[in-house]
Amino acid sequence: MQARKIIIDTDPGQDDAVAILLALASPELEVLGITAVAGNVPLRLTQLNARKICELAGKPETKVFAGAIRPMVRPLVTAEEVHGKTGLDGPDLPEPKMPLQEQHAVDFIVETLMVEEPGSVTLCPLGPLTNIGLALVREPRIAKRIGAIVLMGGGFFEGGNVTPAAEFNIYVDPHAADVVFRSGVPITMMPLDVTHKALTTGKRVQAFRKLGTRVGDATAQMLDFFERYDEGKYGTDGGPLHDPCVVAWLLKPELFSGRHVNVSIETGSELTMGMTVIDWWGVTKRPKNAQVMRDIDADGYFSLLVERLGRL
Ligand code: BDR
Ligand code: CA
C-alpha cells in the first residue's frame, strides 16, 4: 500500500506534538513537511518545538518550515496559560540540531501542491489556518489540487473554549478559516464536540509512561502539564487531547462519526468572532462543505496512540 502524503500545519503545543509523533510513527503516512504557524505561542517557538519533536521521534530528516508570524487581519492571540511559556512545557527536550528549512512554509505548501499529482496530498492543519489561507490566496489553483483538508478546529454543541462562541484555532485567524471553508476543498473537521470526549485521564497518561521509552516518558510529561489547565476549567479527570484526532482519523476513520454539513465562519461580530456556525439540522440551503465529526471511540483512540508511539 502506498503511504498517504500529508503536510502537517501546526503550532506546537503539547497536543500538536502528540499528533506529530503519531504521524511520524505511522507507515501509512508520508510526512512531506511540517509547516509551523503562530498560534499557541509565537512562530519562533512553534518552529523550534516542531523540530524538537521530530528529533524526539528520531526523525531529524523531516523538513520543517516556518510560516506566518501573525494572523491575516487580527493581532495574534496566544495561549501560554494552557501550554506554558515555551508552548511545550513539561519534558526537558534538548535544543534541536536539525535545521529549519529556508523556504517559507506558504511557498512550500504551494510548490508541493503544484508538483505532486492532483488529489494526492492531504493537508492536516492543527493550529490557526493562516498558512493554509495564505496559500489559497497566493495560488488559487491549489484548491483543486488538494486531496483533502483534515483539521482540528471549531465547536458547536460544546460552544467555544476561548470565548463562549469560538474555539482557539478558528478564533485566532477567522479570516483565514473563512478562506479555507469557502475554498471548495473537501474538509473533515474535528471540533471540540469530538475532542472534549478524548480526555487524558490518569490511566491513559499512565499507559504512555508504561511504555518505558523516551517518547513515552516525554509524552506523559507533556500531557501532565497540558491537562492541568483544562482540568481546572472543566472539572474533569484529564484534558481534551485535540490535535491527534486529525491524524487518528487518517489512520482509523472508524473511530469517529459525524455528518456532512455546511460550516460558515463568523468574521463580523466581535461577540461571536470565529464561531463555526454549523448547519447540523440542515435548516439552510448553504452548500455542504465539511464532514463534521461529533463522536469518538476514545478508548480506541488512546489505544492507537499508545501502540503507535510505542514504535518510536
Ligand atoms: C486547539 O488550540 C490549541 O491550544 C490546541 O493545540 C488545539 O489545536 C484547541 O482549541
Ligand atoms: Ca494546535
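The crossing of α4 and α5 is right-handed, meaning that the near helix is turned clockwise from the far one by less than a right angle. Helices here are DSSP runs (H or I, at least four residues), numbered from the N terminus. The model is predicted: local features need pLDDT of at least 70, side-chain atom pairs count only at pLDDT 80 or more, and totals for chains, interfaces and linings use all residues. Residues are numbered from 1 along each chain as its sequence is written.

The axes of α4 (residues 105–115) and α5 (residues 130–138) come within 9 Å and cross at roughly 55°. α4 is therefore oblique to α5.

In α4, Ala105, Val106, Asp107, Ile109 and Val110 meet Asn131, Ile132, Leu134, Ala135 and Arg138 of α5, where contact means heavy atoms within 4.5 Å.

The largest pocket has a volume of about 310 Å³. Its lining has 24 residues, and Ala79, Val82, His83, Asn161 and Phe168 lie nearest the centre. A pocket is an open set of points on a 1 Å grid where a 1.4 Å probe fits, with protein on both sides within 12 Å along at least five of seven lines; lining residues have an atom within 4 Å of a point. The volume is the space filled by probe spheres set on the points.

α10 (214–234) is one of the helices that supply at least two lining residues, and the largest share, five residues, comes from α10.

| Contact of α4 with α5 | seven residues | one residue | two residues |

Ala, Val, Leu, Ile, Met, Phe, Trp, Tyr, Cys and Pro count as nonpolar, Asp, Glu, Lys and Arg as charged, and the others, Gly among them, as polar.

Note on methods. Chains lettered and ligands numbered in written order. Heavy atoms only, no water. Axes fitted to C-alpha atoms, helices over the stretch in contact; angles between N-to-C directions. Parallel < 35°, antiparallel > 145°, perpendicular 65-115°, else oblique.
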